[in-house]
Amino acid sequence: MAVVKLNGLSKRYAATAAPAVDNADLTIEDGEFMVFLGPSGCGKSTTLRMIAGLESITGGELTIDGARMNEVPAKDRDIAMVFQSYALYPHMTVFENLAFGLRRRGFDKAEIEQRVTKAAATLGLSEYLDRKPHALSGGQRQRVALGRAIVRNPKVFLLDEPLSNLDAALRVSTRAELIRQHRQLGTTMIYVTHDQIEAMTMGTRICIMNGGRIVQVGKPLEVYENPADTFVARFLGSPGMNLVPSTVIRSGGGYAVKFGGTDLVIPMPDITDDDVILGIRPEDISEDASEGSVSFQGNVDTVEPLGADTLLLFRVAEHDAVLTARVDRSFQAFPGQSVTLHINSPGIRLFDSRTKAALMRTEPEDA
Amino acid sequence: MTDASVGRGAIRPLGRVFRISPDGPPLGTVMTFLTPALLVYLVFTAYPVLRTFYNSVHILHPRAADEYVGMQHYVQMTTADPTFWVAVKNTMIWAGFAPLLDVGIGLILAICLYAKAPFARFFRIAWFTPVLISYVVVGILWMWIYNFDWGILNGALRAVGLESWTRAWLGEPDTALVAVMVTHTWKWAGFNMVVCLAALSALPKEVLEAAELDNCNWFGKAWFVMIPMIRPTLVNLLILSLIGKMKIFDLVWIMTQGGPLWATETVSTYVYKRAFQWQTFDLGYPSAIAVFWFFVVLVAVMALKYAFRQRDRLEY
Amino acid sequence: MPHSKAITRALLLIAISLYTAFSAGPFAWTAMLSFRTTSEISKAPYAWPETFRWQKYVEAWTGSNYDTYFVNSMVITVLAVLVTTVVGAMAAHCLARYRFRGNRLIYFIIFSTIIFPPQITIIALFQTLVDYGLYNSRVGLILVYVSVQLPLTVFLLEGFFARLPQDLFDAARMDGYSDAEIFWKITVPIGMPAIVTTVILNTVHIWNEFLYAVVLISDESKRTLPLGIQKFMGDQLEDIGMIATGMMIAVIPIVIVYAIFSEKLIQGMTAGAVK
């Protein structure tokens with residue numbers, strides 16, 4: 001049970017180089033499942049390693065339950081970590097691997113026995129306790145790694161891309177397993193991944209990092225719906241948000257942005273510059289008109305049927321980019337064909353063309 | 001329309017250099033681990049090397065102070081010591097020819113095994129055995145093989161009616177060096193074979209299958225595909241073998257002690273003789289030879305390294 | 001076409017068999033000689049032993065000092081290998097796991113010794129050991145062997161240790177391991193395959209070593225097997241049967257090691273040369 005607080009946490013490897021983690025501010029509440037999400041090299045793993053105590057903190061402060069942790073060695077932080085490669089001790093049996101951290105902390109034999117047995121039972125490892133890691137499957141190894149953290153009953157769990165070495169099917173089931181474990185244990189968990197599906201499904205909140213900085217923190221759907229900048233807009237969602245440069249114009253009593261020869265009415269012009277970046281999620285462009293939608297003409301580039309739905313790659317007049325729409329799987333089109341598509345106005349997002357930051361939120365007016 | 005501002009950050013997470021402690025380890029820890037090795041290195045390698053350099057410009061009198069003589073030993077060695085030049089010549093001949101022989105035989109054997117010969121594993125182990133046997137045993141064994149009266153080489157020649165070819169192989173200046181070289185190759189061919197075989201086995205099968213579709217027979221595959229592809233390994237082996245030949249001592253010492261008439265004298269045996277056998281009690285002169293030869297080896301290795309620098313990464 | 005293929009195959013087999021005879025024949029012959037007396041040998045050098053005279057081994061062992069040589073070789077090899085392994089593993093672990101200024105420099109300095117010809121050190125080693133009263137002493141020879149085998153040992157172990165996953169060491173640190181414990185309880189047990197390889201390799205090298213032994217040892221009672229055989233050869237040039245027995249005594253332990261660890265040994269011997 002713990003609150004982990006990052007106050008301007010920074011990591012610089014050499015005086016001259018750009019910082020690996022730059023002035024990170026974040027409070028992770030008790031019992032929260034916080035996911036650090038970002039592309040490789042964004043500083044998420046370094047941040048996690050600083051929290052773990054495996055990496056020194058070169059700037060700012062880290063506290064757990066209010067106590068400053070900067071100088072506390074890793075073993076004394078009451079933190080458990082699940083490593084990407086599992087880091088099971090290959091020369092020890094499963095039992096010894098699970099018991100090891102407890103032994104090192106001076107627990108008595110009976111207590112160790114009891115905790116290991118219990119953890120092994122929850123994770124379905126009871127019959128493998130005498131095996132060595134090399135005699136286990138990938139999924140079993142992963143569970144031992146998790147078990148090693150669970151038996152310690154730590155204040156905070158750190159998980160560093162723990163699913164990335166599993167095959168696709170196992171990843172889905174282990175994801176569910178982790179969510180279940182988190183619900184049962186109620187411990188604060190910090191989870192690092194570059195996989196947005198893991199982040200969306202598991203996190204109570206996600207923290208998106210890029211270039212060593214925290215870009216946005218929020219509940220998964222909140223972040224998905226209202227990305228703080230164009231990076232998040234593109235990074236979340238598969239495919240990411242369509243982004244096209246555009247201009248804000250005065251239209252009648254209100255405002256609008258230009259898009260493919262149409263004007264999209266927007267409610268609030270909180271801008272200093274008329275040049276903006278217009279963002280629309282592929283699922284906010286459809287082949288059917290709906291209430292309040294605006295239609296435009298697109299020129300089909302490629303049709304990609306995914307099964308559940310179909311991705312339509314198309315071009316619009318006045319823009320260079322290929323845009324994507326997620327349309328119904330029954331939709332038929334051929335390359336070069338001109339089609340009428342509809343934009344769901346509440347889905348429109350605007351970003352500053354210079355700072356790339358989000359400009360306004362078009363809340364659905366009648367919801 | 002890309003996010004130029006938020007592209008890739010100039011961040012390097014942990015690279016190949018690992019760390020245990022966050023900010024580099026305390027000096028004490030590093031020293032505890034390294035001191036024994038460094039101590040052994042300083043006392044038994046670095047100091048002797050320096051002392052040999054010192055020796056080489058002195059005459060060491062057994063019961064008096066060392067006498068500084070500058071470059072005298074080097075001058076004497078290069079201008080007034082024909083035996084030294086014979087030793088250099090012999091070593092050079094050895095270093096020039098034997099590596100080709102070693103690696104060539106090793107390569108042919110490896111290709112034979114690679115061509116799916118039956119019992120390949122057995123042959124591999126059998127052919128490697130001479131590598132593990134001490135030079136003393138190998139030397140004596142081959143002295144018997146070369147024996148004039150009952151050695152198997154002369155025996156075989158007599159059996160096929162080539163009586164006139166028989167000779168005391170190690171006793172005649174014309175054949176002694178070649179005889180010792182053959183023995184050395186006998187010992188090391190298996191080593192080269194195993195390395196070539198490992199390199200061949202690491203080649204992608206598809207390339208050889210492609211060669212087969214291009215109508216290559218086994219010879220064609222070996223010559224046009226396998227050998228060019230394992231060229232880095234072959235170069236490596238040649239250099240390793242060359243270094244070995246430049247250092248050669250044991251086998252010569254056991255079999256001929258440099259004789260007959262300096263026919264097999266190598267730089268190493270000559271250094272040994274001058275230092276420990278001639279009772280001159282001067283360790284300065286042989287030290288000068290050792291220093292000279294040290295630089296020859298160094299230059300040879302660096303020259304080869306330079307010659308193959310871009311195409312091949314060298315290891316010793 | 002199948003016809004020519006069969007001929008190629010037959011030729012290949014003949015070549016392989018011939019080379020095997022060339023490579024293994026001399027040994028088989030020595031092994032036979034070791035069971036025969038010199039007078040039997042002089043009558044028919046290449047005959048199969050009529051009776052296997054096992055007692056020749058007993059004679060060599062007790063009558064010709066081979067017991068002394070063997071024990072010396074054994075003690076020197078075991079101790080030198082032990083020290084080399086511990087010292088080398090510690091250095092390799094340090095170079096593979098810690099980042100500090102001069103790490104690669106130290107690695108390069110130790111490693112570059114591999115190309116040094118032995119004569120660059122042998123004369124001065126002789127002088128140095130005389131100075132410190134370690135000349136003609138088994139301790140001196142052991143220390144020299146440690147220094148000679150150290151570079152290869154560090155090279156092979158560093159390469160292996162550096163490939164162990166860093167996560168393992170992070171996990172150990174979170175479990176509260178000290179630096180020394182990380183070495184003894186993580187690196188050593190997990191690096192055991194590589195350590196075993198270097199142990200076997202060093203054992204073979206030191207067991208067979210001749211040059212340093214001949215320079216640094218002079219007493220009969222301190223000779224190792226290679227020296228002993230050479231000495232016996234010098235004294236009893238004509239006693240072929242007995243020399244062969246002595247040679248087999250030196251070779252048999254290596255053959256046993258090879259029989260058990262052939263793959264590991266081949267790997268170790270060739271590790272530096274294979275890409």
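Q: Which elements of chain A have the lowest and highest confidence?
A: This is a predicted model, and in chain A the mean pLDDT is lowest in strand β21 (residues 358-360), at 78. Strand β3 (residues 33-37) of chain A is the highest, at 95.

Q: And what's the mean pLDDT of chain A?
A: It's 87, with 95% of the residues of chain A at 70 or more.

Q: Where does pLDDT stay under 50 in chain A?
A: Over residues 362-367 of chain A. The model has 5 contacts beyond four places in sequence for that stretch.

Q: OK, what about chain B, what's its mean pLDDT?
A: Chain B has a mean of 82, and 89% of its residues reach 70 or more. Among its elements, helix α8 (residues 205-213) of chain B has the lowest mean, 78, while helix α5 (residues 135-145) of chain B has the highest, 92.

Q: Which residues of chain B have pLDDT below 50?
A: Residues 1-19 of chain B do, a stretch with 37 contacts in the model beyond near neighbours in sequence. Residues 312-316 of chain B are also below 50, with 13 such contacts.

Q: How many helices and strands in chain B?
A: 13 helices and 2 strands. Of the 316 residues in chain B, 43% are buried. As for contacts in chain B with a separation of 6 or more, 69% of them link residues 24 or more positions apart.

Q: Switching to packing: how many residues are in the largest nonpolar core?
A: 163 residues. Those with the most contacts inside that core are A37(B), A110(B), V137(B), I289(B) and A91(C). The core also draws at least three residues from each of domain 1 (2-33) and domain 2 (58-270) of chain C.

Q: What does I289(B) touch?
A: Leaving out residues up to four places away in sequence, I289(B) touches M77(B), F84(B), V267(B), Y270(B) and V271(B). There's a second, separate core too, with 103 residues, including L6(A), A20(A), M69(A) and A99(A).

Q: How many residues do chain C and chain B put into their contact?
A: 70 from chain C and 77 from chain B. On the chain C side, helix α13 (residues 240-270) gives the most, with 10 residues.

Q: How do the residues on the chain C side divide into nonpolar, polar and charged?
A: The side of chain C that touches chain B has 48 nonpolar, 17 polar and 5 charged residues.

Q: Staying in chain C, is helix α8 mostly covered or mostly open?
A: Mostly covered: 7 of the 9 residues of helix α8 (residues 166-174) of chain C are buried. Those are L168(C), F169(C), D170(C), A171(C), A172(C), R173(C) and M174(C).

Q: What covers the buried residues of α8(C)?
A: The cover includes α1 (44-52) and β6 (79-82) of chain A, along with α4 (66-97) and α9 (179-190) of chain C. After α8(C) comes G176(C), whose phi is positive, near 90 degrees.

Q: Back to chain A. What's the domain assignment there?
A: Domain 1 (4-231) and domain 2 (242-360). The C-alpha centres of these two domains of chain A lie 39 Å apart, and 6 residues of domain 1 are in contact with 6 residues of domain 2. The domain 1 side of that contact has 3 nonpolar, 2 polar and 1 charged.

Q: What's the strand order in the open sheet of 5 strands?
A: In chain A the order is β15-β19-β16-β17-β18, with antiparallel pairing. β15 (285-286) and β18 (323-328) of chain A are the edge strands, each pairing on one side only.

Q: How many bridges join β16 to β17 of chain A?
A: 6, between β16 (residues 294-305) and β17 (residues 309-315) of chain A. V303(A) sits opposite L312(A) in β17(A).

Q: Last one: where is T204(A), and why does it count as partly exposed?
A: T204(A) is in the loop between α6 (196-202) and β9 (205-210) of chain A. T204(A) counts as partly exposed because it has 15 C-beta neighbours inside 10 Å, where buried would take 20 or more and exposed 12 or fewer. Not counting residues up to four places away in sequence, T204(A) touches E32(A) and F33(A).

Definitions and conventions:
Residues numbered from 1 in each chain as written. Chains lettered and ligands numbered in written order. Predicted model: local features only at pLDDT ≥ 70, side-chain atom pairs only at ≥ 80, totals over all residues. Domains from an automatic or database assignment. Contact = placed C-beta atoms within 7 Å. Nonpolar A, V, L, I, M, F, W, Y, C, P; charged D, E, K, R; others polar. Helix = DSSP H or I, 4+ residues; strand = E, 2+ residues; numbered from the N terminus. Core = buried A, V, L, I, M, F, W, Y, C linked by C-beta atoms within 7 Å. Pairing = 2+ DSSP bridges. pLDDT = per-residue confidence, 0-100.
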